[in-house]
Amino acid sequence: MKGDEAVEDREIIALFQSRSQEAVTALCDRYGSLCRRVAGHILESREDVEECLNDTWLAVWNAIPPQEPDPLSAWVCRLARNQALKRYRYNTAARRDSREDAPLEELEGCLPAAGSVEDAMTEQELTRLLDRFLDGLSRRDRTLFVRRYWYADPVKDIAVTCHMTPNHVSVRLARLRAQLRRELEQEEIFL
């Protein structure tokens, strides 16, 4: 099945490269529900989610060509997530909604501030360290971490999917954040 996905992704990319109007339809059919889920965990309004998805499809249209993302699914999800975060920041500029900020606030104690990241290392180096951290985790812990801090899934949803109690998920996430902080301190990234 994985091979079939790659073929279909290449076909979608080829449609974008040929500037075919079918490209957006094919992309939406293939990854629309996944991107809708990603954006829906960040945005409250269905209208905002749909607008975010339209902005995502436009961003893909403008980026391919010249880009040829591999894997397409992760790249499109990243674009959808970034569009949703941009919309969220716009919507909450004048007010605070702590429910949506919870995953990011949980990580604040683990990751250095943006200014100090630029002083201490490049973004690529931080990415490399985070990849190494995730590679060192068990499949279950990696799933918990990515679902919470990349997809912004609520703890209760993660608990149901992973057959855990919400409290157990919260405790595991706290331990993972502490482990990440220790590893970044060892690399002298976070002092």
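**Salt bridges in the predicted model**

Let me begin with R30, which is partly exposed at a relative accessible area of 25%. What we have on the screen is a predicted model. A search of the whole structure finds eight salt bridges, and I shall discuss three of these pairs.

In one of them, the side chain of R30 meets that of D9, with an N to O distance of 3.1 Å. Helix α2, residues 22-40, holds R30, and helix α1, residues 2-17, holds D9, so the contact ties together parts that are 21 residues apart in sequence. D9 is buried, with a relative accessible area of 11%.

Next, which residue forms a salt bridge with R37? The partner is D153, and the closest N and O atoms are 3.0 Å apart. Here distant parts of the chain are linked, since R37 sits in helix α2 while D153 sits in the loop between α8 (139-149) and α9 (155-162), 116 residues apart. R37 is partly exposed at 35% relative accessible area, whereas D153 is buried at 0%.

Finally, R181 and E185 form a salt bridge whose closest N and O atoms are 3.1 Å apart. Both residues belong to helix α10, residues 166-186, and are separated by four residues, about one turn of the helix. R181 counts as partly exposed, at 29% relative accessibility, and E185 is partly exposed as well, with a relative accessible area of 33%.

Thank you; I welcome your comments.

Terms used
Residues numbered from 1 in each chain as written. Predicted model: local features only at pLDDT ≥ 70, side-chain atom pairs only at ≥ 80, totals over all residues. Heavy atoms only, no water. Salt bridge = Lys/Arg side-chain N within 4 Å of Asp/Glu carboxyl O. Helix = DSSP H or I, 4+ residues; strand = E, 2+ residues; numbered from the N terminus. Buried < 20%, exposed > 50% of the residue type's maximum accessible area, 1.4 Å probe, protein only.
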